[in-house]
Amino acid sequence: MENILNDDERQYLQMMQDNITRMATNSANAKTWLVTLVAGILAIGCNIEDVDYWLLLTIVPIFVFWYLDAYYLNIERGLRNREQRFLNIVKAVSLSDEVSSSINTREEAIFIFKMLNKNTDNQTLGYVKTGCMFFNNSVWPVYVMLLVTVLLITGLVNDWSLSEQFMNFLTSE
């Protein structure tokens, strides 16, 4: 039967799956390291008398790790699409509605190892959207929550009275 995978193809799929798993692990590790880093900075910062606004420096690592997490998710999705392209070729799925690619045969697919980026989801062929992943549902809630937490803690430590500042702003005009 033509659709049975040979050893090279099985090895290729295993290698693709290992890379996808590595990207997912990197994404999870980025979140773990960020939470640890922010908690450490906040713990140290809350014990210093002249803290003022330097706690806001924790915003820098939040954006750096947010970028890393989105980057890893983008790579993971591109590799998933690449794996799906190979499986579509193996299953002899009609790829006529897809933009031309340098990968059209099983042999080419095994030796070309790059991400397959897509601008939209394609449920028929099994592809998922890649690109800007900053506001993906698996990425943004963690980072927005940390940003809000840092801002609230900085406000509490510095005795921000937002209602007083708002009233002063209204009466100054």
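Biologist: How many salt bridges does the structure hold?

Modeller: The structure holds 3 salt bridges, the term denoting a side-chain nitrogen of Lys or Arg within 4 Å of a carboxyl oxygen of Asp or Glu. This is a predicted model, in which local features need pLDDT of at least 70 and side-chain atom pairs count only at pLDDT 80 or more, while totals for chains, interfaces and linings use all residues. Residues are numbered from 1 along each chain as its sequence is written, and side-chain values use heavy atoms, with hydrogens and water left out.

Biologist: What makes the contact of Arg10 and Asp7 a salt bridge?

Modeller: The N to O distance between the side chains of Arg10 and Asp7 is 3.0 Å, and the limit is 4 Å, so the pair qualifies.

Biologist: Why are Arg10 and Asp7 separated by about one helical turn?

Modeller: Because they stand 3 residues apart in helix H1, residues 7-46. Helices here are DSSP runs (H or I, at least four residues), as strands are (E, at least two), and they are numbered from the N terminus.

Biologist: Why is Asp7 called exposed, and why is Arg10 called partly exposed?

Modeller: Buried means under 20% relative accessible area, exposed over 50%, and partly exposed in between (1.4 Å probe, protein chains only). Asp7 has 59% and therefore counts as exposed, whereas Arg10, at 44%, counts as partly exposed.

Biologist: Which residue forms a salt bridge with Asp69, and where do the two partners lie?

Modeller: Asp69 pairs with Lys31, their closest N and O atoms being 3.2 Å apart. This pair links distant parts of the chain, 38 residues apart, with Asp69 in helix H2 (residues 59-90) and Lys31 in helix H1. Both Asp69 and Lys31 are buried.

Biologist: How do you know that Arg80 and Glu76 form a salt bridge, and what are their surroundings?

Modeller: The closest N and O atoms of Arg80 and Glu76 are 3.1 Å apart. Both residues lie in helix H2, 4 residues apart, about one turn of the helix. Glu76 has a relative accessible area of 11% and is therefore buried, while Arg80, with 37%, is partly exposed.

Biologist: What span does H2 reach, and what is expected?

Modeller: From its first C-alpha to its last, H2 reaches 47 Å with 32 residues, close to the 46 Å expected at 1.5 Å a residue. The expected span is 1.5 Å times one less than the number of residues. H2 is followed by Ala92, whose phi is positive, near 60°.

Biologist: Why is H1 described as roughly antiparallel to H2?

Modeller: The two helices pack at an angle of about 165°, with their axes 9 Å apart. That angle makes H1 roughly antiparallel to H2, because angles over 145 degrees count as roughly antiparallel, under 35 as roughly parallel, 65 to 115 as roughly perpendicular and the rest as oblique. Axes are lines fitted to C-alpha atoms, for helices over the stretch in contact, and angles run from 0 to 180 degrees between N-to-C directions.

Biologist: How do the residues of the contact of H1 with H2 divide?

Modeller: They comprise 19 nonpolar, 4 polar and 7 charged residues. Ala, Val, Leu, Ile, Met, Phe, Trp, Tyr, Cys and Pro count as nonpolar, Asp, Glu, Lys and Arg as charged, and the others, Gly among them, as polar.

Biologist: What makes Ile48 partly exposed?

Modeller: Ile48, found in the loop between H1 and H2, has a relative accessible area of 39% and is therefore partly exposed.
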